[in-house]
Structures are given as C-alpha cells and as structure tokens.
Amino acid sequence: MNGNENGKKAGASAKILVVDDELGIRDMLSYELSSHDYGVVTAVNGEDALEKLRGEKFQLVISDVKMPRMDGMEMLEAIKKLDPDVEVIMSTGFGTIETAVSAMKKGAYDFVQKPFNIDEILVLIEKALEKNELKILLGVYETSKAVLASLKLDELLPIMARLSVQILKGDDASIMLMGQEDCLKVAASSGLSDDEAERKKACLALGERVAGIVARDQVPAIINGPLEDDPRFSGIKSLCSICSSIVYPLILDGKLLGVLNVNRTRRLEAFTPGDLRHATIFCSQITQAINNAALYRQLENKIREIQEMQSQLLQAEKMAAIGQLSAGIAHEINNPLAGIMGFAEIVLKSDTLSAGQREDIETILRQSKRCGDIVKNLLQFSRRKKGGEKLLRLAPVLDAALQLAGFDLRREEVEVIKSLPPELPDVMGDPAQLEQVFLNLIMNARQALEGKKGGKLRILGSAEGGRAVLRFEDDGCGIPAENLGKVFDPFFTTKEAGKGTGLGLSISWGIIEAHRGTLRVESRAGEGTAFIISLPAAKEASK
Amino acid sequence: MSPYSVLVVDDEEFMRNICGRVLRGMGHEPVFAGTLAEALEKINALERLDLLITDLHLPDGHGIEAASCFHGKFPGAGMLVITAFLSLDTHIEEFQALGVSENDMLSKPFSVSALETAVKAKLPGRGGPP
C-alpha cells in the first residue's frame, strides 16, 4: 500500500502544524499547503505549538528555528518527546551547517532555508509524510512477522490486541471472534488491566454491542465522542468515557470472523481516516492469522483423525487375520476334541472301571472341556456376527453389567462413579453382547484395582458428534507402554496361567467392531487405564 | 416293533462311532455315511429313516444338501446338525426353511448326554415307530 488508495498522494489529508513568529510566513504556508489538500494549523511560538500538538494529532510540523520565548531547537526536543512519530522540518533565514546538523541530530526530518521555494517544500513535505506512513507500515510488517510465527490463537490474539493498541495508538483494544450460534465473544484484550475489572467489563460490553452492529453491517466505523451522539448507534449507552473508537470487522471471503475494537480513553485526539487505513492493513493481518490458525487446527484435527483411523484399520486388519486363523484352528481342534470327550464319556459308562481310573478319565473330560471353552471363545471372537438391530438405551445395559459385577466390586471396595448424561444417544445393537463387553471392561478395571482398597472406577458417558461414547476409567495399576499395543490381541494376558485366557478384550473389541463402533485404550503405568467405547448413535446406525 | 433308524453323516470315523454307540445304547438303529454322496445314496435307497444327524462340512459338499434331500423324502422326520462352529453360519436361512433352528444344533465338542437329550427330543419313546 503506497497511500494512493483514493487517488491522493501519501499523507493526503494529513495535518500540518506551521510554527513561525512571522504572520507573513504563516499565512503564505497556510495558503499554499491548504491549496494542496493538507489540513493546516498555525502556531505563533513553541509553547503555542506544543499546546496544539497535545490537543490533536499532526503528521508534520514545519517550524522556524529562531523564535521568541522558546527556541525552535528546544521545541523540537519537546515535540519528539510528546509524539515521536510526528515529522519535523526546521527552517531558518540564516542557517549554518551547524544548526542544520544539530536539528537533524535532535530528530528533525530535514532543514530548509528561507526564503522558501514552495515547490521544494511541497516535495519535502510529501517525502516526510511518506516516511511517516512507511514507519507505521513497517510497524505493521514487523507485527505481522511476529504474528505469523505462531499458529495458536490463544497466544496470538493477545499479541494482536497489544499490537493494535501500539500501532493505532489506542488505550485499549479487544478482539472479538464469532463463536458458535453466531455470537461475538471477546477472545483477547489489551490495555484493560484486571484491577479495572468493572471498566473492562463495561468496555467489553460496549464493544460487543457496537461490534455487533459493525459485524452485522460488515463496515468499519470510527466513533468519536459520546456514543449517544452518533446516530448509527442510537440507543446504546456508553458505559465508560471512550473518546474515540475504531471498530473494524474482520472479514475473510465475505465471511465475518470477528471484530477488532480499539478505544482511546485517556488520549483525547480522535481517530482519523488515516488511522482507519492503518487498521485496514492491520486487520487484514489479524484476519489472515485467525484464518491460518483455523486452517492449522483443521489440519491438526484431520491428521489426528487419519492417525486414529489408521491405527483402527491396522488393528482391524490384525484382528481379521487372527480371527481367520483362529477360526480355522478352532474348527480343527473341535473335531478331535469331540472325539476325546465322546470316548471319555463312553468309557465312564463302563462298570468295570476302578475308582482311580474313573478319576483319571474324569480329569481328561474336564481338561477337554476347558479346551472346548477356549476354542468357543476364540470362535466367538472370530465370528463376525452383526451387532444386532435392536434399538437400545445404554444405561440399563450398563446397569445390568454393574449388577453382575457388584459382588466383586464390593469385595474389592471399588467405588463406582457413574455419570451418563440424558443426552447420551441410543444405539442399535445386541444388549447381551454389549453387556458382555461392559462386564469385561468392569472386571478388568476391578483387577487393575486389586489390592488397592478404595480404588475408583469412573464410567462417563458423552455425546460426541453423532456417537455415544462410554469411558471406563480406573485409577489402578495402569498398562506399561510396551503392552498398550497388544491388549486387544487374542491370548495376550499378563494374568498368571489359568487366571485368564487373554480373550476378553479381543472378544470385546470384536463385538464393538461388529456394532460399527471403536474400542480404544489410554493408559499410563501406575496412574490408571481408560477404555473408550464409541458407538454410532441409533439414527446414524440405522441408515 | 422295529427300532427307529437314524442316518449319521460325518466324515470323521470316530464321530460316527460315538454317535452309533449312543444311538444303539438308546435302542435305535444307526445307518452311517462318511460323504455327502454316500448320504444321498442312503437317503434314496432306504425306505424308512426317522432322524438325520449330519455334520455341516463334508469332504464333497455341505450338510444342507443332505438335509434338503432327507427332508424331501421324509418330510415328517427330525434333523440334527453337528458343527464345529458355533452357528448354522451362512446356511441359517436354508435350514430354517427346512424346519431346523439353532436349537437343533450340537456344537462340537458336545457331551454324550447332550446328544442323548437332543435325540430323545426328536424320537420320543424308547421303542420304534408305531
């Protein structure tokens, strides 16, 4: 942006303060500069100039060096202290190199000799104003660099708010973002300290209301003086002494993302159209930053989703392979097992067995039955039966499982904290199978809490984007990281031999999968474990 | 009074042996087939059969074919299915059409008493047909 936006030169409509004790010079410069579209104010001496500078914002001062009462050099120092951004051109009728150098050292932009060549002065003024403009643009550029280095909105917006105060020379600023239900919410603010909480609240409330109107119309606004006096915002009472405000909608591709609000409360000078132009540049940076952050967040979510899907897919493939294998093995084992058991039973019917022989054969029968149970579990896991098409509420199914586990839970003094919100969706499924899964997870939690009197099992339900989610969380011994990837594998168990088949979680996984859901685990050794079931809500499932 | 005759179809010799002993112990007369072809031959050749006990997976075909043929010739006779899997699997609807439900299914390994109970349910009374 080079300031030519409206076909005017840089700093057009800029305000220039002419300081000279000679009326002739003041009149001449006033006339010449006004005819070139500059706003001109004159002052007769240094003190007069400083007073005028305090009252309003100037972009440029043209001042004589030699003046009565306050010397031009002294005034230059005072001006730079008052407003470091204002450019100063010094002039004198009998300049020496020394005075020129000393003026430049004190921060003057340039030095001109009287009598003025007006064309030379106009070129100089334009250059000075361009520099002034450039300085602000440089500020915006620097901030945009800082801003684009971070993609986290909660870090970024406070920086943005602080920079808007700095760049636009406000006293406070807030950035409001469009939240859900199309409602503006303050996301960050600057210049409003916490001990000004009341004022802060008032300013933000005001900002929100004005912002609401700006947001609706999607047109930036400068509001000077009491809000009540502005016909655009009639009916809104100002709650604090705001002298001047810029309220700027943050729009990207026609979509309103939020609003920037910068206020002057202590500074008395009003915001100018030039300030609004700077706000335009700065707001485009904020908009871009918000958009980048949103895109980045979307990307992050997508990546997480893909990673989760990938791990689910890997698990599904692994389970399918294991399932196929185990189904084959189960079939091959069941046949000979039927023979062993059948003949053992037939032998047991004989009258000629000794007590010892009978006992031995009964052992054969018992152990064969145990084999049969293992194989049956394997088959249950591998059999990809559909989840069932019954519409069911999860709460009673969970209650039934808790009741079955009740005795064990009480014996181990496990505290069960159950929280199923009413908005937990119903699912389509087989209540018996789901109860089996819940019971399995509850019993696993109980085992993780073994020996820890007063352990807690939390069962938390939630509705998450068209899915019913149940989280079974214990504060037990946890699962070491190296085992976390294996817990759903058939026959993986850390229990001592004979205490578990290592099929419980595999079967649960298979059942949830058949219900078109997911079962995953989160755990940290020593801290606890959470199993998370996510099932499609009934409406989704019945499609 | 002649005993009930029962066709046992299983490719495992020992399964036929066990079923045969159990059936004889109950006073019935077993007939055996080790393949689907043999089963179909027996069904076609014999004038009377009162019960079919068939495995699902046969070397030359599926038990459903034996059941279907059996039901065609002896529509009033009962049928029992032996399987090493847990269900009637992919043929559940075809079996249901023949009047065979999951209740008429014995999952291997099954106990002798379970077989006896199932047979008793299909062939009431100790003796043969009236």
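Which strand order does the open sheet of 5 strands with antiparallel pairing have in chain A? Keep that in mind while you set up the view. This is a predicted model, in which local features need pLDDT of at least 70, side-chain atom pairs count only at pLDDT 80 or more, and totals for chains, interfaces and linings use all residues. Residues are numbered from 1 along each chain as its sequence is written, chains are lettered from A and ligands numbered from 1 in the order in which they are written, and side-chain values use heavy atoms, with hydrogens and water left out.

**Stop 1: the antiparallel sheet**

Color the strands of chain A and look for the order E7-E6-E10-E9-E8. Helices (H or I, at least four residues) and strands (E, at least two) are DSSP runs, numbered from the N terminus. Two strands pair if DSSP finds at least two bridges between them. Select 184–190 and 221–224 of chain A: these are E7 and E8, at the edges with a single partner strand each, so one side of each has no neighbour in the sheet. From one strand to the next, the twist averages 20°. Axes here are lines fitted to C-alpha atoms, for helices over the stretch in contact, and angles run from 0 to 180 degrees between N-to-C directions.

Now show E9(A), residues 244–252, which is joined to E8(A) by 4 bridges and runs antiparallel to it. Click A:Ile222 and you'll find A:Ile246 of E9(A) opposite.

H6(A) lies across E6, E7 and E10 (255–264) of chain A, at about 140° to E6(A). Contact means heavy atoms within 4.5 Å. Then pick H8(A), residues 273–348, which packs on the sheet and touches E6, E8, E9 and E10 of chain A, its direction making about 40° with that of E9(A).

While you're here, zoom in on A:Lys169, in the loop between H6 (153–167) and E6 (172–178) of chain A. Phi of A:Lys169 is near 55°, a positive value in a residue other than glycine.

**Stop 2: the mixed sheet**

Move along chain A to another open sheet of 5 strands, ordered E12-E14-E15-E17-E16 with mixed pairing. The edge strands are E12 (415–419) and E16 (518–524) of chain A, each pairing on one side only. Neighbouring strands are turned by 15° against each other on average, direction ignored.

E12(A) and E14(A), residues 456–463, run parallel and are joined by 5 bridges. Select A:Ile417 to see A:Arg458 of E14(A) opposite. Helix H10(A), residues 394–411, packs on this sheet, and its direction makes about 175° with that of E12(A). H11(A), residues 431–448, packs on the sheet too, at about 25° to E15(A).

**Stop 3: where chains A and B meet**

Show both chains: 18 residues of chain B are in contact with 19 of chain A. Together they bury about 1700 Å², 72% of it on carbon and sulfur atoms; buried area is the accessible area (1.4 Å probe) that two parts lose on being put together, summed over both.

Which residues meet in a salt bridge (2.8 Å, N to O)? Select A:Lys349 and B:Glu116. The term needs a side-chain nitrogen of Lys or Arg within 4 Å of a carboxyl oxygen of Asp or Glu. On the chain B side, H1 (13–25) and H5 (112–122) each supply at least two residues, with the largest share, 5 residues, coming from H1(B).

**Last stop: a cis bond**

Finish at B:Pro109, in the loop between E7 (105–107) and H5 of chain B. A cis peptide bond joins B:Lys108 to B:Pro109, with omega about -5°.
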